[in-house]
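Trainee: I would like to go through the terms used for this protein. Please set each value against its definition.

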Amino acid sequence: MTTYTFNTGTPQHTFCRICGIHSFYRPRSHPEQFDVNVRCLDSDAIQHFQILPFDGVNWEENLHLLRDESNLSS
């Protein structure tokens with residue numbers, strides 16, 4: 001695993017330096033938490049999560065949706 005940071009240095013993208021899979025990172029939108037790529041977890045783990053659509057192109061305008069959702073899971 002290796003970590004890539006850019007811009008503000010707050011987001012820390014961790015990925016496999018061999019295959020490139022983006023397994024988890026500490027996002028700029030909520031740096032006190034980790035985002036995990038569910039597809040990196042064992043077997044059918046993705047079936048245990050609710051997938052919600054999100055406008056990533058305009059993420060700054062939609063940041064409140066991420067924060068609202070992360071509060072629900074706490």
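The turns below take up the terms one by one.

Mentor: First, this is a predicted model, in which local features need pLDDT of at least 70, side-chain atom pairs count only at pLDDT 80 or more, and totals for chains, interfaces and linings use all residues. Residues are numbered from 1 along each chain as its sequence is written, and side-chain values use heavy atoms, with hydrogens and water left out.

Trainee: What makes up the secondary structure of the protein?

Mentor: There are 1 helix and 4 strands, and from the N terminus on they run β-β-β-β-α. Helices (H or I, at least four residues) and strands (E, at least two) are DSSP runs, numbered from the N terminus.

Trainee: How do you know that strand 1 and strand 2 pair?

Mentor: Two strands pair if DSSP finds at least two bridges between them. Strand 1 and strand 2 (residues 12–15) have 4 bridges, in the antiparallel sense, so by the definition they pair. Thr-3 stands opposite Thr-14 in strand 2.

Trainee: How many bridges do strand 3 and strand 4 have?

Mentor: Strand 3 and strand 4 have 2 bridges and are antiparallel; the definition asks for at least two, so this counts as pairing. Tyr-25 has Asp-35 in strand 4 as its bridge partner. Strand 2 and strand 3 (residues 22–26) are joined by 4 bridges, also antiparallel. These two form a hairpin with 6 residues between them, and Gly-20 in the turn has a positive phi of about 90 degrees.

Trainee: Why do strand 1 and strand 4 stand at the edges?

Mentor: The 4 strands form an open sheet in the order 1-2-3-4. Strand 1 (2–5) and strand 4 each have a single partner strand, so one side of each is left without a neighbour in the sheet.

Trainee: Why is Ser-23 called buried?

Mentor: Buried means under 20% relative accessible area, exposed over 50%, partly exposed in between (1.4 Å probe, protein chains only). Ser-23 has 10%, so Ser-23 is buried. Ser-23 is in strand 3. Of the 74 residues of the protein, 19% count as buried.

Trainee: Is Ser-43 buried or exposed?

Mentor: Ser-43 has a relative accessible area of 72%, so Ser-43 is exposed. Ser-43 lies in the loop between strand 4 and helix 1. Ser-43 has a positive phi of about 30 degrees although it is not a glycine. Most residues other than glycine have a negative phi.

Trainee: What does Asn-37 touch?

Mentor: Contact means heavy atoms within 4.5 Å. Not counting residues up to four places away in sequence, Asn-37 touches Ile-21, His-22 and Ser-23. Asn-37 lies in the loop between strand 4 (35–36) and helix 1 (63–72).

Trainee: What lies 3.2 Å from a polar atom of the side chain of Asn-37?

Mentor: The backbone oxygen of His-22 lies at that distance, 3.2 Å.

Trainee: What classes of residue are in the lining of the second largest pocket?

Mentor: The lining has 7 nonpolar, 4 polar and 1 charged residues. Ala, Val, Leu, Ile, Met, Phe, Trp, Tyr, Cys and Pro count as nonpolar, Asp, Glu, Lys and Arg as charged, and the others, Gly among them, as polar. On a 1 Å grid over the protein atoms alone, a pocket is an open set of points where a 1.4 Å probe fits, with protein on both sides within 12 Å along at least five of seven lines; lining residues have an atom within 4 Å of a point.

Definitions and conventions
A polar contact is a pair of N or O atoms within 3.5 Å; within protein, one must be able to donate a hydrogen and the other to accept it, and residues adjacent in sequence count only if both atoms are side-chain atoms.
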